[in-house]
Amino acid sequence: RVVLSGESARIEFFFQPLARWFEVYAFRSAELEFCTIFRDITARKRAAQEILESREKFKSIVEASPFGIYIYELEERNGVPDQLIFRGSNPAADRNVGLDNSQFLGKTLEEAFPPLAETEIPDRYRRAAKYGEPWFTQQVDYADDQIQGAFEVHAFQSSQNKMVAMFQDITERRKAEQEMERLVNRLSELESTINRSRVMVF
């Protein structure tokens, strides 16, 4: 076809005897003549396969994780650079917040979760996505007309300009801690009262 039509062609093929991938470029050099240029692309093919496998593994981990996971990507939006765009979540995220997070797809973080706009979280997430700076906080208190709760959050870069926020609802744990703190304080007050009574008796 190259000789007859003059159209150049490029193909990739696996050469079994050498167990190598090659890229071949063929073009017509003169009437009824053609030339081929080829190069070994095995390393590129292997890297691409590893990337595909890593992505599939990452996806399976995200789907199976007991922690809620939000995925964001930095993107310019309406002339504003480095906007955090909501790209996805996992089933545990729906369970953690009690709603279908697919409603937030394509929205900025501030559009999806307005109360976070006035916190340090947008900046922390941007730095995680852009510079690979991980971040952890033991408690984020959040409340809007759909979500209420206290959450522990881990944020880290998943790839360039992308980040993952991994979280779990600690509302019940926090309530238990507060109740424990209240009981300890009450016990301390009672012990002080008893001690004062003993002093008065003597």
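This is a predicted model: local features need pLDDT of at least 70, side-chain atom pairs count only at pLDDT 80 or more; totals for chains, interfaces and linings use all residues.
Residues are numbered from 1 along each chain as its sequence is written, and side-chain values use heavy atoms, with hydrogens and water left out.

**View 1. The largest cavity.** One cavity of 30 Å³ or more is counted. A cavity is a set of points, on a 1 Å grid over the protein atoms alone, where a 1.4 Å probe fits but cannot get out. The largest cavity has a volume of about 200 Å³; a volume is the space filled by probe spheres set on the points, which are joined across faces, edges and corners. Its lining holds 15 residues, and Y70, L116, Y142, F151 and F167 are the closest to the centre. Lining residues have an atom within 4 Å of a point. β4 (68–77), α5 (121–131), β6 (135–143), β7 (148–159) and β8 (162–169) each give two or more residues to this lining. Helices (H or I, at least four residues) and strands (E, at least two) are DSSP runs, numbered from the N terminus. The cavity lining divides into 15 nonpolar, no polar and no charged residues. Nonpolar covers Ala, Val, Leu, Ile, Met, Phe, Trp, Tyr, Cys and Pro; charged covers Asp, Glu, Lys and Arg; the others, Gly among them, are polar.

**View 2. The largest pocket.** A pocket is an open set of grid points with protein on both sides within 12 Å along at least five of seven lines. The largest pocket holds about 460 Å³ of space. Of its 15 lining residues, R55, F58, I71, S158 and K162 lie nearest the centre. α2, β4, β5 (80–89) and β7 each supply at least two lining residues. α2 gives the most, with seven. The pocket lining has four nonpolar, four polar and seven charged residues.

View 3. S65 sits in the loop between α2 (42–64) and β4. A polar atom of the S65 side chain lies 3.0 Å from the backbone nitrogen of F67. Leaving aside residues up to four places away in sequence, S65 touches N90, A92 and R95 (heavy atoms within 4.5 Å).

**View 4. D144 in its loop.** D144 belongs to the loop between β6 and β7. A polar atom of its side chain lies 2.6 Å from the backbone nitrogen of I147. D144 and I121 are 23 residues apart in sequence and 16 Å apart in space, C-alpha to C-alpha.

Terms used:
A polar contact is a pair of N or O atoms within 3.5 Å; within protein, one must be able to donate a hydrogen and the other to accept it, and residues adjacent in sequence count only if both atoms are side-chain atoms.
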